[in-house]
Amino acid sequence: TRLNGGGGIPFGEGLRCVGGNAVRLSVQSSGSFGMIEADFDNTASVHNGLVQVGSRLNFQLWYSDPSGGPSGWNLSNGLSVNFCE
């Protein structure tokens, strides 16, 4: 999947699908079910009001994967989200 100019560049044990200005959210644990949820505060200075009506943001999870290969980390599929009213 190509999102936002990432172009499927090899990165770790996967492909970096997102490009452009990246914002890293806080480190999270996937817990015993392997799922991650993260709150997103659009008023926080690091996000600088990124979410606006009509904007589209691309997301990709970067995760630790010690048994997955020599890099020890991998990436999820890319996800593109359109924000509307």
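Which backbone atom of C17 lies 2.9 Å from a polar atom of the side chain of Q60?

Reply: That would be the backbone nitrogen of C17. Before going on, bear in mind that this is a predicted model, where local features need pLDDT of at least 70, side-chain atom pairs count only at pLDDT 80 or more, and totals for chains, interfaces and linings use all residues. Residues are numbered from 1 along each chain as its sequence is written, and side-chain values use heavy atoms, with hydrogens and water left out.

Now to Q60 itself. You'll find Q60 in the loop between strand 3 (56–59) and strand 4 (62–64); strands here are DSSP runs of E, at least two residues, numbered from the N terminus. Skip the neighbours within four places in sequence, and Q60 is in contact (heavy atoms within 4.5 Å) with L15, R16, C17, V18, L75, S76, N77 and G78.

As for C17, its relative accessible area is 6%, so it counts as buried (under 20%; exposed is over 50%, partly exposed in between, with a 1.4 Å probe and protein chains only). C84, by contrast, is exposed at 66%. If you're wondering about disulfides, meaning cysteine sulfur pairs within 2.5 Å, the count is zero.

Finally, G19 sits in the loop between strand 2 (14–16) and strand 3. G19 is buried too, with a relative accessible area of 10%. Its C-alpha is 9.6 Å from that of I9, 10 residues apart along the chain.

Notes. Helices (H or I, at least four residues) and strands (E, at least two) are DSSP runs, numbered from the N terminus. A polar contact is a pair of N or O atoms within 3.5 Å; within protein, one must be able to donate a hydrogen and the other to accept it, and residues adjacent in sequence count only if both atoms are side-chain atoms.
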